[in-house]
Amino acid sequence: MATTVVPPHAAFFGAKKEIGVRSSFSPSISAHRCRKHSLNKVLAVMAPSQPSRAPATTGSVKHGMTMTEKILAKSSDRAKLEPGENIWVNIDVLMTHDVCGPGTIGIFKKEFGENAKVWDREKIVIIPDHYIFTSDERANRNVDILRDFCLEQNIKYFYDIKDLSNFKVNPDYKGVCHVALAQEGHCRPGEVLLGTDSHTCNAGAFGQFATGIGNTDAGFVMGAGKLLLKVPPTMRFVLDGEMPHYLLAKDLILQIIGEITVAGATYKSMEFVGSTVDSLNMEERMTLCNMVVEAGGKNGVVPSDETTFKYLEGKTSVNYEPVYSDESARFISEYRFDVSKLEPVVAKPHSPDNRALARECKDVKIDRVYIGSCTGGKTEDFMAAAKVFLASGKKAKVPTFLVPATQKVWVDLYTLPVPGSGGKTCSQIFEEAGCDTPASPSCGACLGGPRDTYARMNEPMVCVSTTNRNFPGRMGHKEGQIYLASPYTAAASALTGYVTDPREFL
């Protein structure tokens with residue numbers, strides 16, 4: 001059984017199991033990796049010579065399917081699938097936004113005709129969220145194109161914004177697409193959700209197949225309702241142990257990406273299981289699945305359970321059918337982590353896999369902190385940050401920008417009491433800590449955007465951010481340095497002006 005060498009601080013224990021791993025987790029079940037035929041059927045097995053005998057009549061060896069394989073099989077009307085197969089998949093939900101929507105619409109009209117109708121007006125979700133609160137005329141035009149198309153096609157789920165001066169007067173406007181999809185009930189176990197955004201994998205937290213696609217593919221889905229997809233093999237990540245009070249799901253996914261690298265899951269499904277995963281709320285599970293694309297993953301998935309079903313109550317009237325990996329499912333590899341031994345981590349510039357312990361970066365002076373995005377701008381993310389500010393009783397030493405993912409999250413910041421605060425809300429705690437007032441809900445500076453985007457780095461700066469990418473230029477200036485971190489670590493760093501382990505305050 002192959003083992004993996006890990007740095008001393010990594011709490012990765014046992015062995016990494018290779019091809020042939022079954023979902024029972026038995027250490028005796030493993031096989032040697034065969035790169036060329038890793039998931040092909042067994043062609044031959046060498047064995048000691050035996051007396052001749054009649055051919056066996058039991059047929060080929062049977063094995064089960066993983067969650068991802070089951071979902072794709074159901075959506076392609078197939079009883080059985082193997083990784084590597086190319087199949088036509090029926091799509092349950094297609095999402096697009098203001099950056100990719102106009103291109104998708106253009107391709108749809110070019111290929112299907114100027115007067116063509118979409119395949120299902122109730123299965124297309126269009127969410128302006130990226131370049132919204134800006135005076136950039138081309139960015140504003142993109143939203144106009146979405147609006148005209150949705151009126152033409154009578155799209156049921158278009159979350160429009162018309163008055164940019166005050167988002168609150170736009171009742172239909174939501175904010176960041178991936179969080180809005182969840183809050184509005186478009187994420188459901190067992191379904192296939194495609195979106196023109198790489199972080200569409202966020203929805204895998206609901207036990208569904210969700211992945212990002214390009215404008216050309218989306219234009220085809222818009223007209224046909226299906227897409228040719230290759231079935232990915234599945235990597236399994238078993239996270240066990242009690243979650244320390246100073247860790248969040250962002251620490252877990254940064255730990256994993258640091259372990260396997262940004263190319264470690266290229267065109268693979270990443271399935272997350274274990275007692276730690278079971279204990280996570282839905283927003284934390286979303287964080288876990290959100291960043292699988294930073295490891296090259298095709299999709300991430302968490303088995304649905306009572307936590308999932310409770311979250312969905314009142315959000316959707318659509319019937320859904322959860323699926324789970326079979327006991328005999330085959331995984332291309334398996335990683336096990338004892339979460340109780342992990343420490344807060346960051347991803348240093350300029351790659352999400354440039355992992356380091358937060359305490360190892362305590363001498364890194366920073367210029368600002370950014371808390372927001374689909375990865376780190378949910379209600380629970382702000383609750384976590386507020387907890388650190390509350391525990392410290394101090395003021396932030398660097399500008400700290402707060403960008404709620406959606407309008408609902410913004411409302412939560414002003415209405416929900418932070419546990420242990422004596423009834424104070426996040427907004428009150430942030431104000432006392434000297435943070436910026438929570439901004440209008442959007443993707444904000446996570447991906448730079450026009451120069452007038454709130455909190456965009458227009459000069460070379462060092463930023464600790466709860467976002468998902470830290471490539472050069474990602475948040476604006478190409479010489480900016482971004483340290484990806486959990487909301488705990490981000491808040492702790494705001495209080496000191498240096499990259500800081502949150503255990504100093506928790």
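Let's start at R147 and D144, whose side chains meet in a salt bridge with 2.9 Å from N to O; the term covers a side-chain nitrogen of Lys or Arg within 4 Å of a carboxyl oxygen of Asp or Glu. This is a predicted model, in which local features need pLDDT of at least 70 and side-chain atom pairs count only at pLDDT 80 or more, while totals for chains, interfaces and linings use all residues. Residues are numbered from 1 along each chain as its sequence is written, and side-chain values use heavy atoms, with hydrogens and water left out.

Why can these two meet? R147 and D144 are three residues apart in helix α3 (residues 137-153), so about one helical turn separates them. Helices (H or I, at least four residues) and strands (E, at least two) are DSSP runs, numbered from the N terminus. R147 is buried at a relative accessible area of 15%, whereas D144, at 37%, is partly exposed. Here buried means under 20% relative accessible area, exposed means over 50%, and partly exposed lies in between, with a 1.4 Å probe and protein chains only.

Now for a pair from farther along. R236 and E271 form a salt bridge, and their closest N and O atoms are 2.4 Å apart. This one ties together distant parts of the chain: R236 belongs to strand β8 (residues 234-240) and E271 to strand β9 (residues 269-273), 35 residues apart. Both R236 and E271 are buried.

Next up is the salt bridge between the side chains of R359 and E343, at 2.6 Å from N to O. Again distant parts of the chain are linked, this time through loops: R359 lies between β13 (355-357) and β14 (368-372), E343 between β11 (333-338) and β12 (345-347), and the two are 16 residues apart. R359 counts as partly exposed at 41% relative accessibility, while E343, at 16%, counts as buried. Overall, the count comes to 22 salt bridges.

Finally, have a look at a sheet. Five strands make an open sheet in the order β4-β3-β2-β5-β6, with parallel pairing; two strands pair if DSSP finds at least two bridges between them. At the edges sit β4 (157-158) and β6 (209-212), each pairing on one side only. Strand β3 (residues 124-127) pairs with β4 in the parallel sense over two bridges, and I126 stands opposite F158 in β4.
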